[in-house]
Amino acid sequence: MRQRHLAGLAVATVIALGAGLPAPVLAVADGATLFVNPVSGCTDTGSGTQAAPFCTIQAAVDAAQPGQTVQVAAATYREQVTLTHSGEPGKPITVRGGDIRNGLSTLPLVGFDPGGTAADHGFVLNGVHDVTITGLGIRGSLGAVQLADTQLVTLDGNIMGGSTSGPQTAGIHLSGTTASTTISRNIVRGLARTAIVVDAGVTGTILTTNAVDNQAGGAGIQITDAPGTVITSNTVSSVCGPAIGLLGNSSKAVVENNVLATGFDTGKNAPACDPSQGTAKLSVSADSVPGTVADYNLADPFGNAPVYNWAGTSYATAADFTKAVPQQGAHDITADPHYSGNPDTALPIGSNSPGIDSADANAPGELTTDLYGYQRIDDPAFPNTGTGSGYYDRGAFEFTTSSRSVAVEVQPRQIPAGASTTLTLHDFGSWSPVVSYTVDFGDGTPTVTTTQFSVQHTYQTAGSYQATVVATEQNGDTTTTGDTTVQVSPPGLLVPKLTSSRNSNPLGYDFSDFGSTSPWSLESFSFDFGDGSSPVTTTDVITGTSHTYANEGDYTVTLTVTDTGGRSEKTSQLLHVAYQAGAFHPTTPMRLLDTRTLPSSVAAGGTFDLQLLPNYSNYFGYQQPTAVVLNVTAVSKGRDGHVTVYPTGSKQPTTSSVNYVGGQAVPNLITVPVGPTGAVSFANSWGGDVDLVVDISGFYSTDLSSGSRFTPLTPARLVDTRNGDTGGKLGPDSTRNIKVAGSGGVPANATAVILNLTGTDATETTHLDVAPSGTSGYGASNLNPVPGQDRANQVIVPLGPDGSINVYNHAGSTDIVLDVFGYYSPDGKGLFTPTTPTRLLDTRTTGTPLSRDSQTSLQIAGTGNVPANATGAVLNVTATDSTAPSYLTVFPDGQTRPGTSNLNAQPGVDVPNHVTTPLGTDGRVDVYNHDGTTDVLADLLGYFTAG
């Protein structure tokens, strides 16, 4: 059940029906109407026709004759309108605007100024009679409407206010010999003094069914020395001063069926109250008591003010008042009115209010409709405790289902000319059922009145039409639609449109159907992503859908669009799915995994998934990493084998990342994309159980603003302790500081460097840890030297604040060799694009192992997913079946081979290493073998392009 009278519904194609207030019945001489509309072509010297209206209201009322209506269009009128002549009995001059039920924004605004100022008054009536003002928004800096020495004036269905700063203002001010004034069904609010003031000498005033919400610090209704005033069925809220005050000699008044609240809006920074005003909700002076009747009022107990001040004595509650003053307030109630909405909406009562079905229907001035024009109606949930019919509600608002949302669904909303659409009418229940619907289709065809809930109509001509439905209830209440638009297009084809764009996930894409067109409404959109996943169907033409691919590759994406005309069309596009280029973000090395601390190792043929996101979101700066740089150490339980590292969710590649040897700890640096779920997988071969130790030293992301870019260098040797560099061998539990920035071509602003670390002549099995200088402790390892073997591993390490690194040796003593291959810096050029590990070379299958002092060339740019403009590559290179101790060097094709090495081959051992290398001008690299014969495997992990 709806409790608000002004609320509307406008979601998708369901349009709420907002009722229009029936205008007062007016006698119009000869049917004459004068029109006011400040549009191009208006004139204040014409006759006020609809084709050539008056520009100002003042010009129209000056021209109006008895019985004529001045019809004012919704606009802002920065004028004070002064009426200087009158109507006649039964033939008033009427100034009419819009419908209060639709809100202030739909009414003509008189006395307003968009800059925030206003005229002194909206309307001034002095010495005139037989005038009606209805359906306007009226404001004045000294009050909205001022009546002096007038007769038979009606103010009905307006929204009025005054200044909130001038202490002498009033919303409506009656003075002099004004007589027989009816003020009904108005909203009066936002004032600094009293909202409605009736001064001495005024007679015959009826104040009925008004909502007075004086938020700015004044009183509500003040009557002074004006006997016989009728105050019936008003809802009055004030901050300072009484809600209703009868001052001086205002005897023989009627105060019935009102809802009264004082101090309700205490949070609005109201000024200090005037003690002379009193603070009771109903204040009646001693001279006003004779002949005055107060009954059937509902007083809100909110605040500390008494409910009544009667002849100078205050009473806290209705019960106290009735007990002390017999014959008064016998049916008054002091209770929470249970308002619906907030104070800014003039305080209508809610569904559980004691004001429901408890008013005196026979009270003087009582209307059969409420402030919004709804019929008084019986609420079946409440007993009828009122007098007369028994079911009138107290205050200005009737709680009624007539204010509910009766809705219209247009389907389809868009059609070709000559086609039909259906308006489905939804009545969500009413105490007074709908008996008929009148439909105006907006295209000039005759209206249709029906009792059915569904109406079909054929539009013959292209255009935009607003259908209007008026629902008539059994009790006479009506509700009317707002904007129910039907778009009629020329006949045409259904044309689907598919667009795609990357999103933040490494292999994620957004797909949109926006731009698909049809003369019919578009009904559904189905996306087939071309990778075997289930298609996604949506009805949202704006949002579309998203999809994350598990693997790189080329996929045919197909969009199928269906319209309400029963037609379907498809469109497809070939989508090249690949990782995005990113910048490097070096970080202090950190251990992510050590299965030796877990209950079990990774079994032969088993897989371990390492969840990076959201577990390490803080480590990544809450970015979405496209790839991570990991140092993976495999600790064999006794048998040889290998581990493959790849993005979780992708198909496991036929490559190896770490080749482990029984009983040994073998490390290797790995650059691997992050899977769509934020994880990477470690698949163990069937060699045997293995423990994994995983350390991270950085990541790539598409955030180019804070990351670093790669610059390759001609490989250069920084340290060889065999020659006595930096003090010779590293002893047990010792750390060697090595200056990197400024050496081998590494600039001072480098953030990280790519080094090849070789351990040789180790006296004990140990491990070497490389970290930026300035860090404390070593929680990660990079290389595990053993006696009798030369072991190498590539290291990507951040530089410390002084441009140096620390190398730590755990046990025994060992020589180290450090070669630099490149660096990362903010002003570098190389952006990295990861790939799922892909095998590029396997001489075991070609039958062409590398012999002593020989090399082979490998094409990288322009093959597979690698573009022709690639400038560098990241590889995992493995030497296997070596016949003699040797070393391999990888370098750009066409350049002189450097005097450095990338990995150290050993007979009977598979030796891998991470290689970062520039490409030759032809997009190739060369692989050189120093001694013996060896097979070579090369797996692509990613490539660099100039960004």
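The side chains of Arg376 and Glu398 form a salt bridge, with N to O at 2.9 Å. A salt bridge here is a side-chain nitrogen of Lys or Arg within 4 Å of a carboxyl oxygen of Asp or Glu. Arg376 sits in the loop between strand E32 (333-334) and strand E33 (407-411), and Glu398 is in the loop between E32 and E33, so the pair ties together parts that are 22 residues apart in sequence. Arg376 and Glu398 are both buried. Buried means under 20% relative accessible area, exposed means over 50%, and partly exposed lies in between (1.4 Å probe, protein chains only).

This is a predicted model, in which local features need pLDDT of at least 70, side-chain atom pairs count only at pLDDT 80 or more, and totals for chains, interfaces and linings use all residues. Residues are numbered from 1 along each chain as its sequence is written, and side-chain values use heavy atoms, with hydrogens and water left out.

**Salt bridges**

The structure holds 13 salt bridges. Side chains of opposite charge can pair when their charged atoms come close. The table lists some of these pairs.

| Salt bridge | N to O distance |
|---|---|
| Arg376 and Glu398 | 2.9 Å |
| Asp156 and Arg185 | 3.2 Å |
| Asp720 and Arg717 | 3.9 Å |

Asp156 and Arg185 meet through their side chains. That pair links distant parts of the chain, 29 residues apart. Asp156 is in strand E13 (residues 151-156), whereas Arg185 is in the loop between strand E16 (182-184) and strand E17 (187-189). Helices (H or I, at least four residues) and strands (E, at least two) are DSSP runs, numbered from the N terminus. Both Asp156 and Arg185 are buried.

For Asp720 and Arg717, the closest N and O atoms are 3.9 Å apart. Asp720 has 6% relative accessibility, so Asp720 counts as buried. Arg717 is partly exposed, at a relative accessible area of 37%. Salt bridges with shared partners join Arg717, Asp720, Arg722 and Asp819 into one network.

**Asp594**

Asp594 belongs to strand E49 (residues 583-594). Its relative accessibility is 14%, so Asp594 counts as buried. The side chains of Asp594 and Arg596 make a polar contact of 2.9 Å. A polar contact is a pair of N or O atoms within 3.5 Å; within protein, one must be able to donate a hydrogen and the other to accept it, and residues adjacent in sequence count only if both atoms are side-chain atoms. Apart from neighbours within four places in sequence, Asp594 is in contact (heavy atoms within 4.5 Å) with Leu692 and Val693.

**Disulfide**

The whole structure has one disulfide, a term for a pair of cysteine sulfur atoms within 2.5 Å. Cys42 is joined to Cys55, with S to S at 2.1 Å. The torsion about their S-S bond is about 105°, so the disulfide is right-handed. Cys42 and Cys55 are 13 residues apart, and each lies in the loop between strand E3 (33-36) and helix H1 (57-63).

**An open sheet**

An open sheet is built from 10 strands, in the order E6-E9-E12-E15-E18-E21-E24-E27-E30-E31, with mixed pairing. Two strands pair if DSSP finds at least two bridges between them. Strand E6 (81-83) and strand E31 (313-315) are the edge strands, and each pairs on one side only. Within the sheet order stand E18 and E21. Strand E18 (residues 196-198) pairs with strand E21 (residues 221-224) in the parallel sense, over three bridges. Val198 has Ile223 as its bridge partner in E21.
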